[in-house]
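Here's a quick tour of one model, taken a region at a time. Have a look at it first, then read on.

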Amino acid sequence: MLKLLYETPLSLLYPNRCRACGTRTGWSEGFFCGPCGDMVRPYDGPRCGVCGRHFPDGSGSGHTCYDCTKKPPVFEAARAKLAYDGPVREAIRLYKYGRIRKLRSYLGGFMEDGARDWFPDSDVVCAVPLHRRRLRDRGFNQSLFLAESAALAVGARLSLDGLARVRYTAPQVGMGHAERLANVKGAFEVARPGEFAGARVLLVDDVYTTGATVNECARVLMKAGAASVRVLTVARA
Ligand SMILES: [Zn+2]
Ligand SMILES: [Zn+2]
């Protein structure tokens, strides 16, 4: 019996479950069951050349959306790999709070692809930082691991703590764009002057919602002398 236990793959003793709906997936190595896997949608199609927002199908790429024309963001471009809904939303939630190692490599894979596809010339990669109070609650900054995947993929330097969150901000769930803007104003600082001078910075986060947070980070990085700031996220709301 003991021998049998030793030889039994762990997956049989602890069958995989779909990370989104909890259904047993048996031998499958995937994170989602078939039906949930089919709902993972890439965030593709015609998009704003700046913020990456989707245009309705058939409207063509390459032009700038109304919001970016009216008030251009500080960052040069933002891109996301997946649509933030269904199983992707659940995977990111679990990853954020559940510390699931396998999800780290699954989501990291999208960051590798995104960095190679869109921002291969990046010099430095940094994550949107957490305030140390939130870091203490959560134990790790999930975006830092995503940043590491992106940095490794394009041979850029990973800045672990070059960008810091110096003001504690309320969680932004449910806030509109104006509220989010006010919430993040003055929340970030560059830790060491000169670290980003002249660098093409790739800023990484898990989800792009209104862009208020990454734009505020970009503002601080540009003020610190960055040549450009581009934004890569796993998903886009
Ligand atoms: Zn499922
Ligand atoms: Zn736009």
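## The zinc site

C36 has a relative accessibility of 8%, so it counts as buried (buried is under 20% relative accessible area, exposed over 50% and partly exposed in between, with a 1.4 Å probe and protein chains only). This is a predicted model, where local features need pLDDT of at least 70 and side-chain atom pairs count only at pLDDT 80 or more, while totals for chains, interfaces and linings use all residues. Residues are numbered from 1 along each chain as its sequence is written, chains are lettered from A and ligands numbered from 1 in the order written, and side-chain values use heavy atoms, leaving out hydrogens and water.

What holds the zinc ion (ligand 1)? The SG atoms of C18, C21, C33 and C36 coordinate it at 2.2 to 2.4 Å (donors are N, O and S atoms within 2.8 Å of the metal, or 3.2 Å for Na, K and Ca; water is not among the atoms, so sites may look incomplete). Along the chain, these donors are spaced C-x2-C-x11-C-x2-C. Helices (H or I, at least four residues) and strands (E, at least two) are DSSP runs numbered from the N terminus. C18 is buried too, because its relative accessibility is 4%.

The 4 donor atoms around the zinc ion (ligand 1) subtend angles of 104 to 113 degrees, so the arrangement is tetrahedral (for four donors, all angles between 85 and 135 degrees).

## Helix α6

On α6, L103, L107, G108, F110, M111, G114 and A115 are buried. Seen down the helix axis, the buried residues fall within an arc of 155 degrees, so they line one face of α6 (the arc is that of the directions from the axis to the C-beta atoms). R101 and S105, on the other side, are exposed.

What does the buried face pack against? Its partners are β3 (77-83), α5 (86-98), α8 (142-154), β8 (200-208) and β9 (228-236).

## Two buried polar residues

S122 lies in the loop between α6 and β4 (124-127), and counts as buried because its relative accessible area is 6%. A polar atom of its side chain is 2.8 Å from the backbone oxygen of F119. S122 also touches A156, R200, L202 and R230, leaving aside residues up to four places away in sequence (contact means heavy atoms within 4.5 Å).

N215 belongs to helix α10 (residues 212-223).

Technical notes:
Four donors count as tetrahedral if all angles lie between 85 and 135 degrees; four count as square planar and six as octahedral if opposite donors are over 155 degrees apart and all others between 65 and 115; anything else is irregular. A polar contact is a pair of N or O atoms within 3.5 Å; within protein, one must be able to donate a hydrogen and the other to accept it, and residues adjacent in sequence count only if both atoms are side-chain atoms.
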